[in-house]
Amino acid sequence: MEFALIQLLNALQYGLLLFLVASGLTLIFGIMGIINLAHGSFYMIGAYMAFTLSSLTGSLAVAMVLGVVLSVVLGLFLEWALFAHLYRRDHLEQVLLTYGLILIFEELRSLIVGNDVHGVTVPPMFGGSIALGDTMTYPVYRLVISAVCVVIALGMYLLIQKTRLGMMIRAGASNREMVGVLGVNVNLVFRLVFALGVALAAFAGMLAAPVSSVYPGMGQQVLIICFVVVVIGGIGSVWGALAASLLIGLVDTFGKVLVPEYAGVAVYVLMAAILLWRPEGLFRRA
Amino acid sequence: MPRRLIAPLAALALVALFPMSGATFYVELTTKIMIMAIFALSLDLLVGWTGLVSFGHAAFFGVGAYALALLSPRAEAAGLWSSLGIAILAAAACALVVGIFVLRTRGIYFIMVTLAFAQMFYFVFHDTDVGGGSDGRYVNVKPDATLFGFTPFDLDKPYQVYYLVLAVLVLVFAFLQMVLRSPFGRALQGIRANEQRMRALGFPVTAYKLAAFTLAGALAGLAGYLLAAQSGFVNPEILSWHQSGNVLLMVILGGAGTPFGPIVGAFALTMLHEFFSSITRHWQLFLGGAIVLIVLFMPGGLGHLARRIRRNLFGGARDG
């Protein structure tokens, strides 16, 4: 029983982290119509920022604040320099350019930090474990991750549903041209959404760094799972991304416990089943 | 002789005469490039001619390669003709099944779903013991090409493999040209141009796409088989998403939907790679940078660039 509870908490934590990365991805797809293969790289960059900045400043919290600021700047810059030129291009060229970006980011990572696996220490405040039942304990930091993700998800809900910017984002997702004609600066909205997506992915990487450690290739692993999330949830739907992330968290975590050899495949089988049932995803908007 | 055939024939003659130089390293490298060219040609049937951007084509390439590795006994040669047939059929069967799922989607979805399915194949070979796990598997003895008591070539000899692969490349190219000129191929090009209209005209669009997907998968399996036969080794990296990205890059770089584009792309990308890796360990940085610049400033790839230059030189002469 306690064992199942622990797995459930793990599933929740993994799913919520995925949501942070996938929500940015799905927003960028839905609103800007861009397929961004480099989105996983932002997660990787976040994790490496957590590693380097926390060893420079001595505090993970400071590193996170700095990291978020830096990733927003990175997002604004990339949108201005590269992605703004891709809106009217076809998907093939978007795939090509963002694939090139992955190579650049991976190589820069190898130049700056190297190819070793690094651990990141959990902040001492959250270093302990709490008791679950009589024998099992659960690390506090993992609960903190889940809590932070829930707070961010709530924040996104408020941003998208209750603010003027959120209204523009939703309107832009359903009809870009019309929003532009109505006098909204669509380019600015796009730039902000892109930066938000980058910051979310990087923040997820920073949160995950103490749990998963940082290693080459971590971005691409997340990217592909996030594609599955977006396919299951439906492109452009943030709530679809939330539901799909949690579902994948459950399937992957319990898959690893119950059928370890086939756990890698389980998530994709789930995707195949959803494709047969609802090819447009669970929460596809009309 | 039509003018547009001069360059390809000259290139073919050059490639056919190249082994005379005796540079075994480059002969083997060129063999690998030609295998990748076959692989790229098969993908271009989907990307360039049918308008299906698949980011998971390496799955079928890998199935073809693994088929040979699994069919080869530890210390004996597998029969080339039977194992080749099985490899192609296995790749085609996988493509058929995957196609049924992925063709329910389109556009960005299709890109992501093909990538995800390919990743599933990757995990099957990486996590389970089917093909030796992450270590892969050796083809200890090269397959035996004996047919009715006659052995036309020996796969242990790099120069013979070179000509075999060259012959297969020419055959696959000719076959695809034939397919593209057939009513079936015309229908695929119609689907690329306007799927709705083809549907309205009464074409079973999904069945056509599925047939193209299966055919492309079979040809990718053929290329994968050749790779395993040449290198004598398979591992899950063969069907990693890097491989899918790499071959897509070749197609786009060379010019998707042009007859020679994928072949040019295979040579160009491998040469770019060789060039950058000979001057720096951090070649990916330059390759990535080159790709970004190409997309920003040279839409349409090398094929379209060549066409533009030719049009300027010959005043409006167009190739097919």
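Two strands are said to pair if DSSP finds at least two bridges between them; helices (H or I, at least four residues) and strands (E, at least two) are DSSP runs, numbered from the N terminus. The model here is predicted, so to speak of local features takes a pLDDT of at least 70 and side-chain atom pairs count only at pLDDT 80 or more, while totals for chains, interfaces and linings use all residues. Residues are numbered from 1 along each chain as its sequence is written, and chains are lettered from A and ligands numbered from 1 in the order in which they are written.

In chain A, strand 1 (residues 129–132) pairs with strand 2 (residues 136–139) in the antiparallel sense, over four bridges. Ser129(A) has Pro139(A) of strand 2 as its bridge partner. The two strands make a hairpin with three residues between them, and Gly133(A) in the turn has a positive phi of about 70°.

Over in chain B, the axes of helix 4 (residues 80–102) and helix 5 (residues 108–127) come within 10 Å and cross at roughly 140° (axes are lines fitted to C-alpha atoms, for helices over the stretch in contact, and angles run from 0 to 180 degrees between N-to-C directions). Val98(B), Phe101(B) and Val102(B) of helix 4 meet Phe110(B), Val113(B), Thr114(B) and Phe117(B) of helix 5, contact being C-beta atoms, placed from the backbone, within 7 Å.

Terms used
Contact = placed C-beta atoms within 7 Å.
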